[in-house]
Amino acid sequence: MTLKNTILALFTTVLFISCSSDSSTDDLNLEENLTITQEIHKLVNEYRVSKGKATVEFNDAAAKIALTHTEYMISINKINHDKLSERFKELQVLDNAKAIAENVASRQKTAFDVVQGWINSDGHRKNIEGNYTHTGIGVKKGANGHYFFTQIFYSK
């Protein structure tokens, strides 16, 4: 094999390895975010049942709306309820929502930590215990390594 072919083969191998490792990292982050989302849903429903409330059903459309808000919070590095009325209007059109509430958080490292924080806060706990039938949850880790969370509750 010539020197030129050896260099080309080495370059191709390095390129392949670096591209495939980026996509695996993205896959791991996606799996981690989905696991946290599922755990939040489970913990919230367990808490609701312990208080005599019905569970809230997970809704994919609401989850996409929640994730979009989470990404917005990451982009400005601040938790907020900006444009909640727009999220409500979107859910009214998509799923005939009649009422909405929202919990947001950041910096917690686990689903348990974020749900416990919400339960320990009067306003957040009121949302969790509210007469809602559906939920959507958006979780994502920002570039700074901190998680941001949005949970939307709504009823039809």
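This short talk covers a helix pair and a sheet in one structure. Keep in mind that the model is predicted.

Helices first. Take helix 2, residues 60-76, and helix 3, residues 84-95. Their axes come within 10 Å. They cross at roughly 160°. An angle over 145 degrees counts as roughly antiparallel, so helix 2 and helix 3 are roughly antiparallel to each other. The crossing of these two helices is right-handed.

Which residues meet there? From helix 2, we have Ala61, Ala62, Ile65 and His69. From helix 3, they face Arg87, Glu90, Leu91 and Leu94. By class, that contact of helix 2 with helix 3 has five nonpolar residues, one polar and two charged.

Four strands make an open sheet, ordered 1-3-4-2, with mixed pairing. Strand 1, at 57-58, and strand 2 are the edge strands, each pairing on one side only.

Look at strand 4, residues 147-155. Eight bridges tie strand 4 to strand 2, and the two run antiparallel. One example: Val104 has Thr150 in strand 4 as its bridge partner. Strand 3, residues 134-141, also runs antiparallel to strand 4, again with eight bridges. There, Val139 has Phe149 in strand 4 as its partner.

What packs on this sheet? Helix 3 does, touching strand 2, strand 3 and strand 4. Its direction makes about 130° with that of strand 2. Helix 4, residues 111-119, packs on the sheet as well, touching strand 2 and strand 4. For helix 4, the angle with the direction of strand 2 is about 120°.

Last, is strand 2 mostly covered or mostly open? Covered: seven of the eight residues in strand 2, residues 99-106, are buried.

Notes: Residues numbered from 1 in each chain as written. Predicted model: local features only at pLDDT ≥ 70, side-chain atom pairs only at ≥ 80, totals over all residues. Heavy atoms only, no water. Axes fitted to C-alpha atoms, helices over the stretch in contact; angles between N-to-C directions. Parallel < 35°, antiparallel > 145°, perpendicular 65-115°, else oblique. Left-handed = near helix turned anticlockwise from the far one by under 90°. Contact = heavy atoms within 4.5 Å. Nonpolar A, V, L, I, M, F, W, Y, C, P; charged D, E, K, R; others polar. Buried < 20%, exposed > 50% of the residue type's maximum accessible area, 1.4 Å probe, protein only. Pairing = 2+ DSSP bridges.
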